[in-house]
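Dear colleague,

I am handing over the structure you will find just below, and after it I set out what was found when its atoms were examined. Please read the notes with the structure open beside them.

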Amino acid sequence: MRWFRNASVVAVAVAATLGLAACGGSDGGDKPAAQSKGGAPIVVASFNFTDSQILAEIYAQALEAKGYPVTRKLNLGSRELIYPSLKSGELQFIPEYQGAAITTGFGKEAGKTAQEEHEQLAKLFEPSGIALLNFAAAEDKNTYIIKSDLAKEKGIASISDLKKLDKVVMAGPPECEKRLPCFLGFKDVYKLTNASFQTIQEAGPRVEQLKSGAVTVIPVDSVSPLTGDAKYTVLKDDLNIVPTENVVPAVTKKVLDERGADFANAVNAVSAKLTTDVMRDLNKRVDSDGERAEDVAKDWLTQAGL
């Protein structure tokens, strides 16, 4: 559900005046590097939501473990705020989400597979001096859930199956109504003439409305703990209105040229072990259990041998 959190336009002019450091809710602190490889610190950034901050910590700590100096600029905000500073080189590394980067960051229609999106996004970034390393299996994308008792009673396993119901009410943030990967796709692609939309801005109240039966279906992140909760059923997106959202490190070419193959290999080794299940577990530890992003990142890197 990357475009939900990154679609609202932030005043870039304000950022230019105040500087990005003022926008970050936390910079995470600069941690000492073992056997430092020297050079200027690599500036690692994140968007302003949980799994982005966890991912930034994971990659930052993995690089520090290999001796690369890192500066963190976390919790910065939307793509509209971050992309100009990434293109200028003020920011140098951000874990991105391929489909949302294409659709929200560049206003293009995303490809149908992770590899196709990877090639497409690399071409879009290339003129700005930004390159992509390997994408991970981990995804964080729009996912739609209904109550499991309703799914079982009516035999609903996919979005198309919602046609079996007399009435479908989707609750989501206001932008969902006009977005193809959300309610607009339900209407225009799935042709759900029985569906209506209710604006509920915050995630918590949406879940409560779903629990009460006041609404039928809500969008959540694929890494949300709700997707693993037996009380809810994740609907298959059988007509593929939602693009793949594989995590991919976007890095300035300057850094890649200066740091060479060892740097790329260190980052790719992390991406190779990141899965959606891993991110769901780490998100739960932060959002539900109250742990710190840097702590869960460190735990996972230790367990993964990174």
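Of the contacts in the protein with a separation of 6 or more, 78% are between residues 24 or more positions apart. Please keep in mind throughout that this is a predicted model, and that the values below are computed from it.

As for the overall make-up, the secondary structure comes to 12 helices and 10 strands, and 52% of the 306 residues in the protein are buried. The accessible surface of the protein comes to about 13200 Å², and carbon and sulfur atoms hold 50% of that area.

The buried residues of helix 5 are Gln98, Gly99, Ala100, Ala101, Ile102 and Thr104. After helix 5 comes Gly107, which has a positive phi, near 70°.

The torsion about the S-S bond of Cys176 and Cys182 is about -75°, so the disulfide is left-handed. Cys176 counts as buried because its relative accessibility is 0%, and Cys182, likewise with a relative accessibility of 0%, counts as buried too.

Two backbone positions deserve a separate check on your side. Most residues other than glycine have a negative phi. Lys191, however, has a positive phi, near 55°, although this residue is not a glycine. Lys191 is placed in the loop between helix 8 (183–188) and strand 7 (195–199), and it counts as exposed because its relative accessibility is 52%, where the cut-off for exposed is over 50%. Asn240 is the other position, with a phi that is again positive and near 55° in a residue other than glycine. Asn240 is found in the loop that lies between strand 9 (232–235) and strand 10 (247–252).

Finally, there is the end of the chain to consider. Leu306 lies in the segment that comes after helix 12 (293–303), and with a relative accessibility of 26% this residue counts as partly exposed, a class that lies between the limits of 20% and 50%. Leaving aside residues up to four places away in sequence, Leu306 touches Ala62, Ala65, Ala269, Val270, Lys273, Trp300 and Leu301. One of these, Val270, is 36 residues from Leu306 along the chain, yet the C-alpha atoms of the two are separated by 7.1 Å.

Conventions:
Residues are numbered from 1 along each chain as its sequence is written. This is a predicted model: local features need pLDDT of at least 70, side-chain atom pairs count only at pLDDT 80 or more; totals for chains, interfaces and linings use all residues. Side-chain values use heavy atoms; hydrogens and water are left out. A disulfide is a pair of cysteine sulfur atoms within 2.5 Å. Buried means under 20% relative accessible area, exposed over 50%, partly exposed in between (1.4 Å probe, protein chains only). Helices (H or I, at least four residues) and strands (E, at least two) are DSSP runs, numbered from the N terminus. Contact means heavy atoms within 4.5 Å. Accessible areas come from the Shrake-Rupley method with a 1.4 Å probe; for residues, only the protein chains shown count as cover.
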